[in-house]
Amino acid sequence: MAAPSDNLKIDGGRLWDALMEMAKIGPGVAGGNNRQTLTDADAEGRALFRGWCEDAGMTLGVDAMGTMFATRPGEDPDALPVYVGSHLDTQPTGGKYDGVLGVLGALEAVRSMNDLGIRTKHPIVVTNWTNEEGARFAPAMMASGVFAGAIDLEHAYGRTDLDGKRFGDELERIGWKGDEPVGAREMHAYFELHIEQGPILEAEEKDIGVVTHCQGLWWLEFTLTGKEAHTGSTPMEMRVNAGLAMARILEAVQTVAMSEQPAAVGGVGQMKFSPNSRNVLPGTVIFTVDIRTSDQAKLDRMRAAIEAEASKICAALGVTCAVEAVGHFDPVTFAPELVERVRRAADRLGYTHRNIVSGAGHDACWAAKVAPATMVMCPCVDGLSHNEAEEITPEWAEKGANVLFHAVLETAEIVG
């Protein structure tokens with residue numbers, strides 16, 4: 001396959017304008033975004049993206065999970081498409097770039113192909129996966145997980161948010177449940193551009209992260225059942241304190257993660273007390289433990305150790321403990337031939353780069369189960385993400401999108 005010439009570039013200004021326009025939908029309270037999946041804001045963002053794709057001459061397909069596939073035709077009707085994308089949904093207090101850069105960077109690649117009159121053998125499909133974040137409905141990367149056959153469609157439809165609303169009902173409510181069977185599409189390759197969500201690239205002054213692997217993870221949802229009781233009049237030795245059990249389990253998660261250093265992490269980002277009153281010991285505490293590492297053996301040890309320690313803690317306190325795995329994928333090794341194309345693209349364009357392991361999960365992790373896949377990363381300020389203060393520079397966005405553009409063109413094969 002011939003490599004694209006080094007003078008082929010995307011329109012960085014147009015990409016930045018699109019990012020800022022999308023950020024107007026579902027604004028957060030502190031400068032970021034709250035465009036959670038299957039909300040009215042998500043529906044509005046999807047409609048804007050659909051209009052842009054249609055203006056670029058693409059045709060849109062939507063599957064039964066609401067994932068959007070915008071296709072630019074290739075010259076060979078028998079050639080499988082090159083898929084490029086990420087997600088438009090955000091955390092409740094999310095940034096303007098997490099996921100969005102990957103979707104709009106892919107769109108910009110197509111726009112630039114149109115501007116430059118570039119034709120490719122393989123079709124290009126710009127993709128917006130539904131519910132990558134998993135903030136409202138667990139697990140994360142839900143639609144791509146169903147696509148890859150790792151999550152059952154009906155199970156996904158039955159997932160509920162903290163208000164008890166079902167995923168399937170909300171998908172229909174916002175009008176984005178498509179007719180296309182999930183996973184029916186075949187891919188020639190999959191690329192995803194993303195901000196690093198970590199501090200390494202900025203600290204080392206590297207333009208591009210060449211992503212070789214992605215950490216595996218477990219999300220373990222604990223439900224602890226104690227006894228609701230008055231905090232002032234219940235003697236300490238007579239309490240069945242689910243809150244205390246939770247605190248000790250959180251400390252155990254920290255201890256287990258530290259015992260598996262380097263390159264292992266664990267923590268808790270979501271919890272719910274019931275009845276959540278100042279002077280009532282909780283009868284029920286629900287929280288999710290998030291553990292990650294790129295080493296399969298470590299991942300297995302961490303889960304086993306945390307569950308064993310939680311069982312001991314709860315037994316000692318008389319608290320009932322139930323655990324449900326609400327999210328999981330094994331560590332991923334991305335396709336070496338695609339990784340090398342990303343590396344060559346960065347070299348061709350004169351950008352500094354380094355290999356990197358993604359600490360976060362991405363739709364590319366599930367896409368890698370059904371096709372060759374890889375990712376391109378650009379820096380983000382202070383490594384901050386899942387935070388409204390998340391920030392990148394226009395230059396970082398443009399360089400990341402240029403590398404994506406070149407790697408996709410080489411894979412899709414320029415014609416003529």
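Start by selecting Cys 365: this cysteine is buried, with a relative accessible area of 1%. Here buried means under 20% relative accessible area, exposed over 50%, and partly exposed in between, using a 1.4 Å probe and protein chains only.

Before moving on, a word on what is on your screen. This is a predicted model, in which local features need pLDDT of at least 70 and side-chain atom pairs count only at pLDDT 80 or more, while totals for chains, interfaces and linings use all residues. Residues are numbered from 1 along each chain as its sequence is written, and side-chain values use heavy atoms, with hydrogens and water left out.

**The cysteines**

Next, pick Cys 321, which is partly exposed at 29% relative accessibility. The structure holds zero disulfides, a disulfide being a pair of cysteine sulfur atoms within 2.5 Å.

**The whole chain**

Now zoom out and colour by secondary structure. You will find twelve helices and 17 strands; these are DSSP runs numbered from the N terminus, with helices (H or I) of at least four residues and strands (E) of at least two. Along its principal axes, the C-alpha trace spans about 80 × 45 × 40 Å. The radius of gyration is 22 Å, which agrees with the value near 22 Å for a compact globule of 416 residues; it is taken over C-alpha atoms, and the globule rule is 2.2 Å times the number of residues to the power 0.38.

Of the 416 residues, 56% count as buried. Among contacts between residues at least 6 apart in sequence, 81% join residues at least 24 apart, where contact means heavy atoms within 4.5 Å.

**Two cis prolines**

Go to Pro 139, in the loop between strand E5 (124-128) and helix H4 (142-147). Then jump to Pro 262, in the loop between helix H8 (242-259) and strand E10 (264-274). The bond from Gln 261 to Pro 262 is cis as well, with omega near 5°.

**Two positive phi angles**

Most residues other than glycine have a negative phi, and most peptide bonds are trans. With that in mind, select Leu 38, which has a positive phi of about 65° although it is not a glycine. Leu 38 sits in the loop between helix H1 (12-23) and helix H2 (40-55). Is Leu 38 buried or exposed? Leu 38 is buried, with a relative accessible area of 0%.

Asp 382 also has a positive phi, near 60°. Look for Asp 382 in the loop between strand E16 (373-378) and helix H12 (394-412). Asp 382 is exposed, with a relative accessible area of 63%.

**Last stop: Lys 227**

Finish in the loop between strand E8 (216-225) and strand E9 (229-230), where Lys 227 lies. Lys 227 counts as exposed at 52% relative accessibility. Which residues does Lys 227 contact, leaving aside its neighbours within four places in sequence? Show Val 240, Leu 281, Pro 282 and Gly 283 to see them. To end, draw a distance from the C-alpha of Lys 227 to that of Gly 28: these atoms are separated by 37 Å, and the residues are 199 apart along the chain.
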